[in-house]
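This briefing is for a reader who is new to the structure shown below. Please keep the sequence and the model in view while reading.

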Amino acid sequence: MKVVSTSPSFAKYSNEPIEFLRSHQIEFEYLPADITEAEFIEKMQGVNAAIVAFNTISEKVLDSLPDLKIVCKHGVGVDNIDVKAAQDRGVVVTNVPNANKHAVADFAFALMLSLARKIPEANDKTKKGEWPRIFGSDVYGKTLGIVGLGMIGREVAKRAKGFDMKIVAYDPYPNDAFAAEYGIEYVQLEELLTISDFITLHMPLTPQTRNLIAEKEFALMKEEAFIVNASRGGIVSEAALYEALKNGKIAGAALDVFEEEPATDHPLFEHSNFIALPHIAGYTSGAINTLGMVCVQNIVDVLVNNKEPNHVIKL
Ligand SMILES: NC(=O)c1ccc[n+]([C@@H]2O[C@H](COP(=O)([O-])OP(=O)(O)OC[C@H]3O[C@@H](n4cnc5c(N)ncnc54)[C@H](O)[C@@H]3O)[C@@H](O)[C@H]2O)c1
Ligand SMILES: O=C(O)CC[C@@H](O)C(=O)O
């Protein structure tokens, strides 16, 4: 039996996941994260399980890999996997919910603070020998709008309580008990965009959420508002964001995720009130170790124990 990973972070902090596979007589190999579809199909012949980060598992890929039994998303969002096609072919798809929620929530908060206090700009100038008086915006006591109050959104809300923020949320599937416990008010998206000083997005990329934040939505926001997206590229229209920043419709934005990744030499980079990150919100040692161990346990359950693994994505 053989497992391949295209996730560059799999087993980065310890060998435990690979040793676990070997203890079950399962071979392991890394493939490059930016592998082409044709190369992936070629290298995956005879392989029984794939651990994937960003590469696309399309219907064509699944049709070309008759020995594949399980695809494990090394993370949460399964937008790069054709789950329906996999299900139709009897290939199990799993993800790892929960494992990187603290890492991403911390990161989203770091981005809000970085935008409000202009930390990247202050760092750049100080290292260039300047000693600038840079004035920022308050975070403490401001209104935070969380779009998508799932596992990560709820962790962001818990952090925001420590900053005494007023929290509003939009989510088509409300969690009333959590909202009541943390004093969160559910509102419609339009209201959230209108009243929030900080807006943070934490939902999956789906046909319904693609371009959810576009020209009309930026027009609703306050001129002092900051927006953070550490969920998925494509939820924020980058063309609309470019115009919103250019025309001063909002105060700043930070993206950890882009419509096309890797994002290099992007028009948004010209805006000084725009922070660009390379899809690293979930990258901490604790999160990565848990992700790896959950993936390999699921693989052993399918290939060796003949048992339903945890976190199967079912449509
Ligand atoms: N940047 C990163 O490295 C990174 C890491 C982990 C997860 N993510 C992304 O974050 C997303 C959220 O992760 P999670 O663990 O909180 O998932 P989750 O499933 O626990 O929560 C997602 C929430 O979004 C809500 N939702 C669905 N459609 C919506 C819509 N149209 N508008 C508003 N809310 C909507 C759901 O009801 C749910 O409450 C993932 O889907 C993934 O794409 C990114
Ligand atoms: O595995 C990764 O490298 C990141 C995955 C992350 O975006 C997620 O959806 O959890």
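Predicted model: local features only at pLDDT ≥ 70, side-chain atom pairs only at ≥ 80, totals over all residues.

Residues are numbered from 1 along each chain as its sequence is written, while chains are lettered from A and ligands numbered from 1 in the order in which they are written.

- Helices (H or I, at least four residues) and strands (E, at least two) are DSSP runs, numbered from the N terminus.
- Within S3, Ala 50 is the bridge partner of Val 4.
- Strand S2 (residues 27–30) runs parallel to S1 and is joined to S1 by four bridges.
- Tyr 30 in S2 stands opposite Ser 5.
- Between S1 and S2 the chain passes through helix H1 (residues 16–23), and this β-α-β crossover is right-handed: with the strands pointing away from the viewer, the path from the first strand over the helix to the second runs clockwise.
- In a regular strand the side chains alternate between the two faces of the sheet.

**Ligand 1**

- Ligand 1 is surrounded by 26 residues, and the closest are Met 151, Ile 152, Asp 171, Ala 230 and Asp 256; a residue is near a molecule if one of its heavy atoms lies within 4 Å of it.
- That shell divides into 14 nonpolar, nine polar and three charged residues, where Ala, Val, Leu, Ile, Met, Phe, Trp, Tyr, Cys and Pro count as nonpolar, Asp, Glu, Lys and Arg as charged, and the others, Gly among them, as polar.
- A polar side-chain atom of Asp 171 is 2.6 Å from an oxygen atom of ligand 1.
- Backbone N or O atoms also lie by oxygen atoms of ligand 1, at 2.9 Å for Met 151 and at 3.4 Å for Gly 282.
- Ligand 1 taken alone exposes 860 Å², of which the protein buries 85%; accessible areas come from the Shrake-Rupley method with a 1.4 Å probe, and for residues only the protein chains shown count as cover.

**Ligand 2**

- Around ligand 2 are Ala 53, Phe 54, His 74, Gly 75, Val 76, Gly 77, Asn 100, Arg 232, His 279 and Tyr 283.
- By class, four residues of this shell are nonpolar, five polar and one charged.
- Polar side-chain atoms lie 2.6 Å from an oxygen atom of ligand 2 in Arg 232 and likewise 2.6 Å in His 279.
- For Gly 77, a backbone N or O atom lies 2.9 Å from an oxygen atom of ligand 2.
- The protein buries 92% of the 300 Å² that ligand 2 exposes when taken alone.

**Two single residues**

- Asn 95 sits in the loop between strand S5 (92–94) and helix H5 (101–117) and is buried, with a relative accessible area of 9%.
- A polar side-chain atom of Asn 95 lies 2.9 Å from the backbone oxygen of Val 76.
- Ala 239, in helix H11 (residues 238–246), is exposed, with a relative accessible area of 56%.

Methods:
Heavy atoms only, no water. Polar contact = N/O pair within 3.5 Å; in protein donor to acceptor, adjacent residues only side chain to side chain. Buried < 20%, exposed > 50% of the residue type's maximum accessible area, 1.4 Å probe, protein only. Pairing = 2+ DSSP bridges.
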